[in-house]
Amino acid sequence: MAAVNLIGSYNYALVALSVLIAIFASYAALDLAGRVTAARGWTRAVWLLGGAGAMGTGIWSMHYIGMLAFILPIPVAYHWPTVLLSLFAAIVASVVALGVVSRQKMGWFRAFAGSVLMGAGIAGMHYIGMAAMRLPAICQFKSFLVVLSVVFAVLISLAALWITFHFRNTKTGIGWEKLAGAVVMGAAIPVMHYTGMAAASFTPSGMPMDLSHAVSISILGTGGIAAVTFTVLGLALLTSWVDRRFAAQTLELQEEKLQQSEAYLAEAQRLSHTGSFGWKPSTDEIIWSEETFRIFQYDRSTKPTVELVLKRVHPQDAAFVKQTIQRASRDGRDFDFEHRLLMPDGFVKYVHVVAHAQRDESGEIEFVGAVMDVTAAKRAEEALRRSESYVAEAQRLTHTGSWAWQVAGRDALHLSEEWYRLYGFDPEKGPPTWEERLQRVHPDDRAKWQEVIERAIAGASVYELEFRILLPDGTVKYIHTVGHPVLNASGDLVEFVGSSTDITEQKRAEVLQARENRLLEMIARGDSRGLILDAICRLVEELASGSLSSILLVDPSANRLRHGAAPSLPGPYNEAIDGVAIGPSAGSCGTAAYRAEPVIVSDINTDPLWADYRDVALAHGLRACWSTPILSSARKVLGTFAIYYREPRSPTALDHSFIRQIVHLASIAVERKQAEEALEALRQAQADLARVNRVTTMGELTASLAHEVNQPIAAASTNANTCLRWLAADTPNLEEARAAAMRIVKDGKRAAEIISRTRQLFKKDSSQRELVDVNEIIQEMTVLLRGETTRFNILVATDLAADPPKVMADRVQVQQVLMNLMINGIEAMKDEDGPRELAIRSQRAENEQLLVSVSDTGIGLPPQQANQIFNAFFTTKPHGTGMGLRISRSIVESHGGRLWAENNSPRGASFCFSLPTKAGAPE
């Protein structure tokens, strides 16, 4: 007889209970997924295992109550170890589910794999639970329904995972979306269970049941399972709720702190002008902080893009920035660069951009970085650079270098560019050592320099000194240095800072000034030209270390240069170049005299100008020669000044300045000597001319002079006869005879004085100045010219100052001036009608001067030609030489006085001259 399948039925109350448990378990799963997702570290593991336990228990409880809801007409017991195994399968499936949905991202592959594993676990739980049934029947399964139940399990798991993943982050309240998702999941999960139950069929069997480890479940047991399930799920939800509340409070605190931190960060960014940004090249998504918007001057509502960034970039930097962005996007590497922004108002900003590349969870490159507004720093940097440039230029102009050196080890901490230039070191080679710096000090000053330094270190005091340095090329410089000590917080001396100033030019100027004064004194004193030129050469050799100097003078008659001075050049060399021709290729000196401009030969061995003189120069070790022409004030070449060196060398700007001063001194010396010689010749010519003038004048006065001499001679003859008569009387009258004899002596003296004065005017003696009484000279000349004034009926009137001061003068020359002026007055009146009067006056004048005037009543000064009467060769006389007044003015001016003329009213002219008295007379 064929076996008949047992027909079962369902307890719908338990079915409903199982669905309710499924919904409750689904809700718990959604809630627990959120906690697992939010947890980190070991807390995540606890939530994952605890949540899986609660969720697995709920799913298992739904399955087991669903099995208890199936009623067969035979007794059914359950093998409890197998039941526990099905519970374990449910928990494992829950672990898989929570593990998948708690990920930050859930791709389709992960969702599918998770749903397969979860569905397999649920299906395994179901069929393991079916295997735990102990009943007197054989259980068979329909393959199609079994497969369908497994497919349902996988699909339901996929739906459950999707729902749970999307609703896991609902944080407050019950969450209606979560509840709706739980209802859907809770309704779907029993579908698989009841499909699996429908796949089973039971056929009665006569075989005895194995009831070992089997238990029967009563209604009370079913209620207990349900109660335990709700309790477990409730505790899980309660724990989740408590944790969520705690997490919410913590999150609120964290958010508050985060907001505060963000506020601090925003303020810090504002204060530091540093904005932050994020950039994902794959999507061109850019996130800016508030400060970044402020830096780029865009409104917060503007969506940042690469195009907006490039729009603000300075046109000159645009290509560079674009290239940098493209390279970073392509290579995914960090970048760090600076560029400029051009704002809409034309203001230029400098920004420094730095970004770090990283990959997000999807593996895409994104950049996190900062953009710093460094405009102020750039401006300060430019100002600092400009200031440093000004300092460097000021140091260069003042020849002052700054330095700092450490006391321990004496290492240089700072040496300015000008310091390197002063001391002749190469900055490319780095700071020189202490020993190298010491070797630069002149050997004669090295001990003094070290002593000052050591004393400053011992006393931690300021030091200041002047010393010389000796450069490798032989150049000597004078240095003035000042050092200040620097102490640390403990008061210990750690370093010195200070400056070094090149005072070579100042020192050279001081020495040159002193020597120049001595040379000028020598010139003024009238020392010989050779001695002065020799002193000039020695001065040059003292100031220009290692130099040899020479002065050659032009011999215009032979167009050659003659030896002037060369104290240090070898004698044979001086003899060889004495008389060197002036020409276009005559060494340095002959060529300089020819060109009338300096000729610099830095290397005699190679310069073509020295072709004819090279052998003699090299034979005496001379390698460089700088020659400068000595020019007169009229730009006439007087000679040459040359500096020789025993090594090839070119002059510096300081050398050129020095040479100009020396050449100026030499020109003064040479031109002064030539001027003295010319002046002496002029003086001699003037003296000869004045004598000729006197002789000519005296020749014109011969008749008057003879008359003047005859008068005292005739008177003497008369007095002699008278004396003889008084002596020849019967009674000689000795008193009368003595009186007659006295008159004879007086007349003889008068004649001798006239002859003596005449002889003085004819003498060719050199000028001799002495204190003379001008009134006395006026009286003498009045007597001397009495014959002329008497002959032409001219009245001579004198108005002489009482006790006038004497003047320092040449007596004969003053007599000549008065004679010329008086004769001119006589000549002007002799043919005139009316009174003829010659007035001679002397009087004191201002500024310690004695004023003498000679006035006549003659024809007066020539009209329209009054300003020419003192010119040479100008005359109004038919037979005049035109030199009298010119010579008279020269004589007066040589005595420091002045001669002038003016018309009288109503007629005549006055000639006046002033002479300084003894107090104001020139030496």
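Q: In this predicted model, which helix holds F88?
A: F88 lies in helix α3, residues 80-101.

Q: Why is F88 called exposed?
A: The relative accessible area of F88 is 52%. Exposed means over 50%. F88 is therefore exposed.

Q: What makes the nonpolar surface patch that includes F88?
A: L85, F88 and V92 make the patch. Its area is about 280 Å².

Q: How many aromatic pairs does a search of the whole structure find?
A: The search finds 19.

Q: Why is the pair of F335 and F337 called tilted?
A: The ring centres of F335 and F337 are 5.9 Å apart. Rings pair within 6.5 Å. The planes of F335 and F337 stand at 45 degrees. Stacked needs under 30 degrees and edge-to-face over 60, so this pair is tilted.

Q: Are F335 and F337 buried or exposed?
A: Both F335 and F337 are buried.

Q: What makes W626 and Y645 a tilted pair?
A: Their centres lie 5.0 Å apart and their planes meet at 45 degrees.

Q: Why does the pair of W626 and Y645 tie together parts that are apart in sequence?
A: W626 is in strand β22 (residues 624-631) and Y645 in strand β23 (residues 637-645), so the pair links parts 19 residues apart in sequence. W626 and Y645 are both buried.

Q: How do you know that R898 sits over the ring of W900?
A: The charged end of R898 is 4.0 Å from the ring centre of W900. The distance cut-off is within 6 Å. R898 sits over the ring.

Definitions and conventions. Residues are numbered from 1 along each chain as its sequence is written. This is a predicted model: local features need pLDDT of at least 70, side-chain atom pairs count only at pLDDT 80 or more; totals for chains, interfaces and linings use all residues. Side-chain values use heavy atoms; hydrogens and water are left out. Patches are made of residues with over 30% relative accessible area and no salt bridge: like charges are joined within 9 Å, nonpolar side chains (Val, Leu, Ile, Met, Phe, Trp, Tyr) within 5 Å. Accessible areas come from the Shrake-Rupley method with a 1.4 Å probe; for residues, only the protein chains shown count as cover. A salt bridge is a side-chain nitrogen of Lys or Arg within 4 Å of a carboxyl oxygen of Asp or Glu. Helices (H or I, at least four residues) and strands (E, at least two) are DSSP runs, numbered from the N terminus. Buried means under 20% relative accessible area, exposed over 50%, partly exposed in between (1.4 Å probe, protein chains only). Rings of Phe, Tyr and Trp (its six-membered ring) pair if their centres lie within 6.5 Å; planes under 30 degrees apart count as stacked, over 60 as edge-to-face and the rest as tilted. A charge sits over a ring if NZ of Lys or CZ of Arg is within 6 Å of the ring centre and within 35 degrees of the ring normal.
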